[in-house]
Amino acid sequence: MLAALIVPVLARFRHELGYIIALAGVGLSSVASIWALAYVLDNGTMRYNLGGWAPPIGIEYVVDLIAAFVAVIVTSVASLVIIGTRRWADREAGDRLGSFYSLVMLLITGLVGMIVTGDLFNLFVFLEISSLAGYALIFLGGGRAMLAGFRYLILGSVGGSLYMLGVGFLYFSTGTLNMGETKEILTDEATARSVQAGAAFIFVGLGLKMALVPMHLWLPDAYTFAPSSVNTLIAPIMTKVGAYAMIRMFLSVFPDGYLKDIVPIADALLVLGLTGIIVGSVAAMSQKDIRRMLAYSSISQLAVIAVGLGLGTPLGLVAALLHIMNHAVMKSALFMAIASVRFTSGITQVADFAGTGRRMPFTMGAFTLGALAMVGIPPASGFFSKWYAVQAGIESNQWVVVFVVLASSLLTAVYLFRILESAYLHPLKPEPSHGDQHASGFGKTDLDMPAEVQIREAPLDMTIPTVLLGLATVVLGVFNAVIVINILEPGIV
Amino acid sequence: MIDEIAARFPYWASGLLIAIGLYGMIGKRSLVKKLIGMNIFQSAIILFFIAGSLRHGATLPILLRKDGHIIEPIAPELYVNPLPHVLMLTAIVVSVAITGVALAFLVRIYREYEDLDEESLLKKVRQ
Amino acid sequence: MTETTSSIMPLIAVLLPVGAALLVLLTGERYRNVRDSWSTIAAVVMVAVIASMLPDVLDGRVPQTTIIEMSPGIDIMLRADAAGMIFGLLASSLWVLASVYAVGYMRVEHEQRQTRFFVAYALSLGAAAGVAFSANLLTFVLFYELLTLVTFPLVTHRETASAIIAGRKYLAYTLFGGLMLIGGTAWVHMLGIDGTFVAGGLMADQNISKSTAWGLLTVLMVGVGVKSAVMPLHGWLPSAMVAPTPVSALLHAVAVVKAGVFGVVRMLMFVFGAELLREMNAWQFIAVLAAVTLITGSMLALRHDNLKRRLAYSTISHLSYIVLGVALLGPIALTGALLHIIGHGVTKITLFFVAGAINSHTHKENVSELDGIGRQMPITMGAFTLAALSMVGIPPFVLFTSKFYLGWGAAQVDQQVFMLVYLFSGVLAAGYLFPVIYRAFGKQSPDHPSYSEADLRMVGPLAITGLLALFLGIAPNLPFGFFDLAAEVARTSFGDGIPMTKGTE
């Protein structure tokens, strides 16, 4: 049954057909994860022993509610994004389209693998698989993206290695790599120094992957200069999976309360998360390039997940998990929307968004929905993760959390409404002042060409996924209680 | 102190190598040197794993035979832990892959800008 | 006793404007006559729907709709209780007139992007109805935030630099208020208290500590205080006057700000309850703040030559009438406060209608330019005079009735000093409104071209609201039993034994 989740693995060997295979692969994998989720809901956790070896010796794949939930999010968002960015991929990857899609498949394989694995070292392998694919995809951007990709590579590898080091410490203390067994052994035998050191290394390693402040420096450049087809894909899901791995550590590797009471990792997450919310939002405010702005906003939103996790209470975990979903959907809607805008007009600067609201009503409508969800206006989805985070903060008497999470809404409003204002309220400019001429193909020589021609709705296969993602923010918000009650709350017990 | 270091020499060595690797990645401006730093860093961790699997007086994890018969009972204390070796094989593969990709990056960057110094590269890229 | 009955009516009332907005959007600019009639039709139907619930509500059967579970254990629930009915009826019936007026105004002014305008206008009404019928804190927060959101494009409608700045200011203030509410709501739920509104206070018997109660009160009151423009949270309201006049009239005299004061009623009477507030000694604090706003608002109104700004400060002052009336924690004062919501809505919308009619017709916006205008636009200025008299509190106008109850209520709880505040503010109102009438009728126009009346679609509604201000003063129970509703709220909030002298049965 789990084989279906590994469809992407198979697909990557046959990259000649590129788009079709990729889409079929991710689509199948998405269907499989939805099916897995339904199965887990009915029958409880699913286990699969890779290669037929029984755990703890063999590698075990475990799909519990949470894993299925995150897998559904990742694969569904990825499918929509792959459909939506096909034209970008055609434009950007050129004759390397085949290798482009095989990299995409590799990336998603790695991510899905990280989600379903029940083995600490296997997690590392998948982490590196997805990261490698990620580096290469970013690198496709050329120019500054190459430098950004290289920096990401160095930092990402350090993160991966540190995680491995941490796993090493754990292994030598427990003698097992299986997550469930590690938890059992650690519960009995509490507080060896080496285990604590291992926890700390794992924390730093995964922190780098999820761009926790101050380990976020690789992210803005990587997202800004990556090709549009790539950043729309990695921005919503890649860091999420890092966050998910962190949640896994809390839930299935370390005993309950271990990371809170014995090693103060929860507190570290809390403090860094709170700092990250503020730092990310403030940095986002001053950005002129919209992709860079959204990149900083990602840092701030990931920090919300870290805060939820850092609170360590069930409600906090609900907030963190819900925010993984919400942020994946909101961010993909936002990135898709700006990719569509850039596709037809080459606009990347906030100031040039003037008039896009009228020229591209559907795309910017989706952008607006995504933005409102980010700000946290009910009933859009972003509101509810913040709502649970605030409740969790009150519950554990962490008033700073309450304050910062609420303040982050205001800060988010500041930088996102800048764009909405520009898009809807400013008159059309005659010519994008310093847009991405390279991508649009319109040079300054086209001054006599009216701006209307440049800013227009993107092709349907871009717009429809964008709008779907935008609407999803609201739908998921309205039905969040269904998700929370049926999936998340039973999942974290 | 010295006894302590000597007794756990492999650990201290890998710690030292990690430090050197980190310095290489952070302190050096050349991208190639950064990459080398990263490699040292990863090797250090591999060393750490291998060192952890050692046991004094133990031998290779191959079933010992005497006169064509496996020695019974199989005594785990006779063998070094094989699992870390297997893991590190994987880790080495991963690390080689990363190095390969990184070197490919560097070749591309060098072809485009004829430069691998981070700061001057940044200046060129911004133009 | 009140009981709740399951009914879909409240939901329909909320969804009607949303449906209208959709129709407006789909119809678009090309068939603008069809488009513009949607709002009016929806408004009339909405009044009918809400009014159809009236007999039940007056009999103590409260219609209620549960929509969906929003957060574990917390439903999105609509309930048309007496207090909600007051606000819902007021907003929807004034929407009928305002939608006619808005069409006239927008056509005459040749405003841009009228489709967006009418969409947002209708949605605001939906959100306001949602606020009115919210049955619990989370639902209230939901609609309160939505109201902020859909009014934003209205404030910035003109797309000028000043409109955008005003929009930002508006957003900053109201989002801040919304966040406070969210925080407060989460807090209430984390105390293990169900957030469903209960007349007499949902926290009444919950044994929460005094400091917690104070913290909650601060947070929640700041939340609703922003929209009800209690100083020092009033800064957005005068700036928001850059919006087209129909917006100022319906939203910044009725829907939005009344959502704020309605929130105050909800928080003080239905969340905390009079008992708890007396115990906490919190009411004096709110009352003093409201009294200061009341006087300062009137004073500032005196200073402004721009008619709309003058009216805005007058609104600030009158909103605090209501807040003060609620904070006095007496049944009579509460009745007065609720009546004042209605009376002020009717009166202030007239004044804004007049300001808009004059402005669109003659392009004059300052009081000092209005010399002799009463002779040129007699119906318009006649309505203005009626409304002004009501504002000052001359009997038998509607605001006399409400002020009478407010003053009586202050006396009932032995706070005669606030009675004086009310009286003094009435004098100030005369100070800032009568000069307008004097200029309009008493002075000669400096320029000769004589104006005629404005567009009929503007004059009609303003004449009707002007007459309503008189009519409701004489018969506060017609046509919708406003007085009975207010008395019902007061009765349920304070228990029985209230000395009601008229209007009941």
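This is a predicted model: local features need pLDDT of at least 70, side-chain atom pairs count only at pLDDT 80 or more; totals for chains, interfaces and linings use all residues.
## Chain A at a glance

Taking the contacts in chain A with a separation of 6 or more, 79% come from residues 24 or more positions apart.

## Where chain A meets chain B

The contact between these two chains brings together 22 residues of chain A and 24 residues of chain B. On the chain A side, the elements that give two or more residues are helix H6 (120–139) and helix H7 (144–174). H7(A) gives the most, with 14 residues.

If you colour this side of chain A by residue class, you will find 15 nonpolar, five polar and two charged residues.

## Where chain A meets chain C

Here the contact takes 22 residues from chain A and 22 residues from chain C. Three elements of chain A each supply at least two residues to it: helix H18 (381–395), helix H19 (399–425) and helix H23 (480–492). The most comes from H19(A), which gives eight residues.

By class, the side of chain A that touches chain C holds 18 nonpolar residues, along with two polar and two charged ones.

## Leu181 in chain C

Now for a single residue worth a look on your screen. Leu181(C) sits in helix H7 of chain C, which covers residues 161–190. Leu181(C) counts as buried because 26 C-beta neighbours lie inside 10 Å, and the cut-off for buried is 20 or more.

Leaving aside residues up to four places away in sequence, Leu181(C) touches Val141(C), Tyr144(C), Leu220(C) and Gly223(C). As for Pro232(C), 51 residues separate it from Leu181(C) in sequence, and the C-alpha to C-alpha distance between the two is 17 Å.

## A hairpin in chain C

Strand S2 (residues 61–71) and strand S3 (residues 74–79) of chain C run antiparallel to each other and pair over six bridges. Within this pairing, Glu69(C) stands opposite Asp75(C) of S3(C).

The hairpin of S2(C) and S3(C) has two residues between the strands, and Gly73(C) takes a positive phi near 85 degrees there.

Conventions
Residues are numbered from 1 along each chain as its sequence is written. Chains are lettered from A and ligands numbered from 1 in the order in which they are written. Two residues are in contact if their C-beta atoms, placed from the backbone, lie within 7 Å. Helices (H or I, at least four residues) and strands (E, at least two) are DSSP runs, numbered from the N terminus. Ala, Val, Leu, Ile, Met, Phe, Trp, Tyr, Cys and Pro count as nonpolar, Asp, Glu, Lys and Arg as charged, and the others, Gly among them, as polar. A residue is buried if 20 or more other C-beta atoms lie within 10 Å of its own, exposed if 12 or fewer, and partly exposed in between; C-beta atoms are placed from the backbone. Two strands pair if DSSP finds at least two bridges between them.
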